[in-house]
Amino acid sequence: MKLKYINFRRKDSVAWIQFNRPEKLNALNPNVLKDLETAVACCEEEHFVRVVVLMGYEKAFVAGADIEHMSKADVNSAYELTDLGLRVQERLSDLSKPTIAAISGYALGGGLELALCCDIRISAENAIFGLPEITLGIIPGGGGTQRLPRLVGVGAATELIFLGEMINADKAKQIGLVNMVVPLGRLKGEVEAFASKLIDKPALALRAAKIAMRRGIGIPLKEGLQMEQSLFCMLFGTEDQKEGMSAFLERRKPMYREK
Ligand code: CO8
């Protein structure tokens with residue numbers, strides 16, 4: 001697939017979606033977002049893709065929405081931009097496969113918000129995180145006020161959103177924004193290692209766990225527990241459940257099949 005603002009490649013069962021607008025630190029404009037949407041849709045459709053990685057390059061994951069583009073926006077065009085952004089984010093966050101954000105350099109504003117849509121965030125030591133929207137006279141418009149407090153708690157999120165200041169990778173790890181921090185030179189290798197652990201897991205159970213957590217967070221606990229029960233019981237109708245439990249009893253490594 002040839003896209004202008006996204007390099008898309010697949011290695012074995014892992015799809016790598018790399019932002020490709022380095023001269024603007026991968027700032028998001030409608031064209032970048034549409035290319036991202038195409039790449040994400042392709043990952044959903046291609047059954048041999050088991051894990052999806054979102055990445056930038058050394059200096060920037062994504063430094064936010066394109067401020068030059070937004071500087072000309074009025075209320076209607078702000079709606080258009082955020083409608084598109086939210087649609088792409090929904091596709092990313094609802095992907096039926098695990099997603100990993102491999103973050104190096106700046107992950108700011110809309111860039112951090114895309115990373116928040118991923119299941120796992122692996123950060124290089126040089127990563128810088130922030131929601132600087134307040135410094136531009138606006139607030140986060142791609143889920144920052146919603147997803148960030150859910151992930152790191154209201155206290156830490158409020159500080160980031162009110163002050164608009166940037167934090168480094170260690171601080172991001174400390175507040176639970178990222179799962180791990182690794183040296184920049186090891187970022188790709190660590191992401192590959194994490195992805196291969198996921199590939200070894202039963203795909204349907206991973207999907208069920210993702211649905212249970214993502215949907216569960218927005219509904220009352222009682223309903224969430226019922227949903228978990230349904231998904232748990234549904235998995236007893238799969239080959240993978242039989243294989244997983246037989247392998248345990250036979251003291252061998254399970255060989256999962258269902259994709
Ligand atoms: N938008 C447009 N251009 C940008 C952006 C951006 N967000 N970030 C960097 N650039 C451009 C610069 O203008 C510069 O271009 P040029 O060379 O043509 O002048 C080039 O990228 C390199 O950037 P700098 O020279 O500024 O590089 P520095 O190393 O000096 O600084 C910084 C790096 C600190 C990251 C700095 O570029 C910066 O502060 N960027 C803006 C960060 C920001 O405020 N981001 C939040 C934007 S608001 C937002 O994201 C709202 C989201 C709304 C939802 C969208 C739906 C998904």
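How much area do domain 1 and domain 2 bury between them, and what share of it is on carbon and sulfur atoms? The two domains bury about 720 Å², with 46% of it on carbon and sulfur atoms; buried area is the accessible area (1.4 Å probe) that two parts lose on being put together, summed over both.

The model is predicted, so that local features need pLDDT of at least 70 and side-chain atom pairs count only at pLDDT 80 or more, whereas totals for chains, interfaces and linings use all residues. Residues are numbered from 1 along each chain as its sequence is written, and side-chain values use heavy atoms, with hydrogens and water left out.

**Domain interface**

Domain 1 spans 6–199 and domain 2 spans 203–250, with bounds from an automatic or database domain assignment. Their C-alpha centres lie 27 Å apart. In contact (heavy atoms within 4.5 Å) are 13 residues of domain 1 and six residues of domain 2.

Two salt bridges are found across this interface, the criterion being a side-chain nitrogen of Lys or Arg within 4 Å of a carboxyl oxygen of Asp or Glu. K210 forms a salt bridge with D119, and their closest N and O atoms are 2.8 Å apart. The side of domain 1 that touches domain 2 comprises six nonpolar, three polar and four charged residues; Asp, Glu, Lys and Arg count as charged, Ala, Val, Leu, Ile, Met, Phe, Trp, Tyr, Cys and Pro as nonpolar, and the others, Gly among them, as polar.

**Ligand surroundings**

Around the ligand are 22 residues, each with a heavy atom within 4 Å of it. K24, K59, A65, I67 and G110 come nearest. The table gives distances from ligand atoms to protein atoms.

| Residue | Protein atom | Ligand atom | Distance |
|---|---|---|---|
| K24 | side-chain N or O | oxygen | 2.6 Å |
| K59 | side-chain N or O | oxygen | 2.8 Å |
| A63 | polar backbone atom | nitrogen | 3.0 Å |

Taken alone, the ligand exposes 1,100 Å², of which the protein buries 69%; accessible areas come from the Shrake-Rupley method with a 1.4 Å probe.

Key
A polar contact is a pair of N or O atoms within 3.5 Å; within protein, one must be able to donate a hydrogen and the other to accept it, and residues adjacent in sequence count only if both atoms are side-chain atoms.
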